[in-house]
Amino acid sequence: WPCARGSSCRRSNGGQWLLGLERQGLRSSMQIQAQGASVDFRQLGQDVTVTPTKLQLAGNWTYSTEKAGTFGMGFARINQYAGVTVTTLSANYSIRIGERANLIVNASRAMAGVSANSVGVTVLIPLEKNIITSATAATRSGQRDLYATASQSLGQDAGAGWRLLAGQQQDQERAEGGVYYLGRYGRVSSEISNSSDQTTLRLGASGGLVVADGHLFATRRVSDSFAVAEVAGYGDVGIGLGSNMLTRTDASGVALVPQLMAYQNNSVRVDPTELPVSAEIDSIEQIAVPAWRSAVKVIFPVRSGRGALLKIVLDDGEVAPAGAIVQIEGDKQEFYVARRGEAFVTGLQPANRLLLNWQGRQCRFAVTLPPATPDDVPRVGPLLCTGLAR
């Protein structure tokens, strides 16, 4: 590890090892783990004066029954290079009470190095809308806890949450409360706690700024990969991962989508219900595979213009035959005529020239659209396609 200039510390190499065994069954499971390190080993960023753990042993066992609940036991032993050894044993039990409540009992004892006992009982009751209430009674080394809590957790994508605590902790009266909000641009929090000797208020906020593909984005704290998604020309459209809408496009149709997993397939999806009826998109989903903490660009091609239901008639006054093909001049997209000589055509501009093909013959006609109204599909016609008769 690096030493400060002028210090007397030495540079050394160290190593750490870990060995574990785990067994999972239908009713029981067991895990045991051993970990150790040489005296010169240091974690990245660890103070060089803090010696590592010489040997750490830990294990646990659980057994679940159909009606009598779940039983568990565990142990841990830590040996420090300084000569300190701590050994603890623990046991726990949980059972469902009624339709909602859960009873949890736990006990632990420090057997070597220090002497301490702990026993606690908790009743946990989940409610609707992610609200969880609990009541806890416990004693640790002669100090008692008796308190109740209620909380509503934050949603995975966005929303508000809160928590409350009131009662006695370590023989002191205590009350706590917090409010949290997770949004498109970050997370804000406000917490207050009160005890017999102090009152504490904490305010926090976190977010991020990203410059990518020539755009500046305000977003949540960036701790993973992300995508720059483009739905050109369509602003305020929801976009996210799978069915979770995480953000919205700006006025130019660009958005930064966070929370992508590096080196894995991520389904970046547009909310089709927020696109206008006239929008024609090949696919509402694109697969993105970014590098670690890097960006990848995802483009959703949307055919511009408006859609309209056109009624077409020929020179002899008859409607265009079903199965005839209609195209906008200069556009390769084809549209089929249905019954009553009607064809739904997208990609139309205010003024257009169209071509109709039927049995190797062609005719042309002009289409002028009425003024646009939101989510309205205009009906235009009858339109005379000159140069063709049935």
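Tutor: Let's start at Pro-382, which sits in strand β31. Keep in mind that this is a predicted model. The peptide bond joining Gly-381 to Pro-382 is cis, with omega at about 5°. That's worth a second look, because most peptide bonds are trans.

The core has 24 residues, and the members that touch the most others in it are Leu-310, Val-326, Val-345, Leu-354, Leu-356 and Phe-365.

Pick Val-326 and look around it. Leaving out residues up to four places away in sequence, Val-326 touches Ile-312, Ala-343, Val-345, Leu-354, Leu-355, Leu-356 and Phe-365, among others. Its contacts also include Gln-333, Glu-334, Phe-335 and Val-337. Apart from this core lies another, made up of 19 residues, including Ala-229, Leu-241, Leu-275 and Val-298.

While you're browsing, check two loops as well. Asp-236 is in the one between β16 (225-230) and β17 (238-241), and its phi is near 60°, a positive value in a residue other than glycine. Asp-236 counts as partly exposed because its relative accessibility is 49%, and exposed would need over 50%. Asn-130, in the loop between β7 (116-126) and β8 (131-140), also has a positive phi, near 60°.

Key: Residues are numbered from 1 along each chain as its sequence is written. This is a predicted model: local features need pLDDT of at least 70, side-chain atom pairs count only at pLDDT 80 or more; totals for chains, interfaces and linings use all residues. Side-chain values use heavy atoms; hydrogens and water are left out. A nonpolar core is a set of buried Ala, Val, Leu, Ile, Met, Phe, Trp, Tyr and Cys residues joined through side-chain atoms within 4.5 Å. Buried means under 20% relative accessible area, exposed over 50%, partly exposed in between (1.4 Å probe, protein chains only). Contact means heavy atoms within 4.5 Å. Helices (H or I, at least four residues) and strands (E, at least two) are DSSP runs, numbered from the N terminus.
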